[in-house]
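This report describes selected local features of a single model.

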Amino acid sequence: MTSLTINGQPVTAKAEGDTPLLWVLRGELQLTGTKFGCGMALCGACTVHLDGVPIRSCSTPLAACAGKAVTTIEGVQGPEIAALRRAWTELDVVQCGYCQSGQLMSACALLKSTPKPDDAQIAQAMSGNLCRCGTYPRIRAAIKQAAG
């Protein structure tokens with residue numbers, strides 16, 4: 001059993017400590033907004049925040065989260081995510097949508113740490129998030145709009 005906080009709520013997960021956090025979120029806790037993409041921390045679809053820092057939940061063992069705070073797309077709050085969601089909608093960022101929860105989680109962490117990022121900072125922060133539909137220009141524009 002592992003105790004942690006998920007989206008502000010104390011949780012005791014029953015999974016073994018070496019179970020990837022992603023499987024605990026999706027399977028045990030039914031928080032399905034975080035997506036499985038590659039299983040090797042290469043695509044970013046599974047991005048969540050661990051104590052405010054974006055991580056890949058597919059490769060993070062549950063034991064590494066003990067006593068820490070996990071925030072998923074279902075629980076992320078604040079002016080940054082609100083601005084990003086508005087910009088995502090206004091600029092019609094989403095195409096298939098599969099990668100979008102991971103994209104938003106990375107973008108939100110960027111805006112929390114760097115409220116007015118330049119193109120290089122956006123590229124660096126988003127470099128671990130892949131979009132098979134190629135919506136990168138709209139993602140960058142939405143982040144800039146949210147920062148404005």
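## Basis of the model

The model is predicted: local features need pLDDT of at least 70, side-chain atom pairs count only at pLDDT 80 or more, and totals for chains, interfaces and linings use all residues. Residues are numbered from 1 along each chain as its sequence is written, and side-chain values use heavy atoms, with hydrogens and water left out.

His 49 belongs to strand 3, residues 47-50 (strands are DSSP runs of E, at least two residues, and helices runs of H or I, at least four, both numbered from the N terminus). Its relative accessible area is 4%, so His 49 is buried (buried means under 20%, exposed over 50% and partly exposed in between, with a 1.4 Å probe and protein chains only).

The side chain of His 49 reaches the backbone oxygen of Met 105 at 2.7 Å. Beyond neighbours within four places in sequence, His 49 is in contact (heavy atoms within 4.5 Å) with Pro 54, Ala 69, Val 70, Thr 71, Val 76, Met 105, Cys 108 and Ala 109.

Trp 23 is located in helix 1, which spans residues 21-28. Its relative accessibility is 40%, and Trp 23 therefore counts as partly exposed.

## Ala 82 in helix 2

Helix 2, residues 79-90, contains Ala 82. This alanine is partly exposed because its relative accessible area is 30%. From C-alpha to C-alpha, Ala 82 and Thr 114 are 16 Å apart in space, with a sequence separation of 32 residues.

How values were computed:
Polar contact = N/O pair within 3.5 Å; in protein donor to acceptor, adjacent residues only side chain to side chain.
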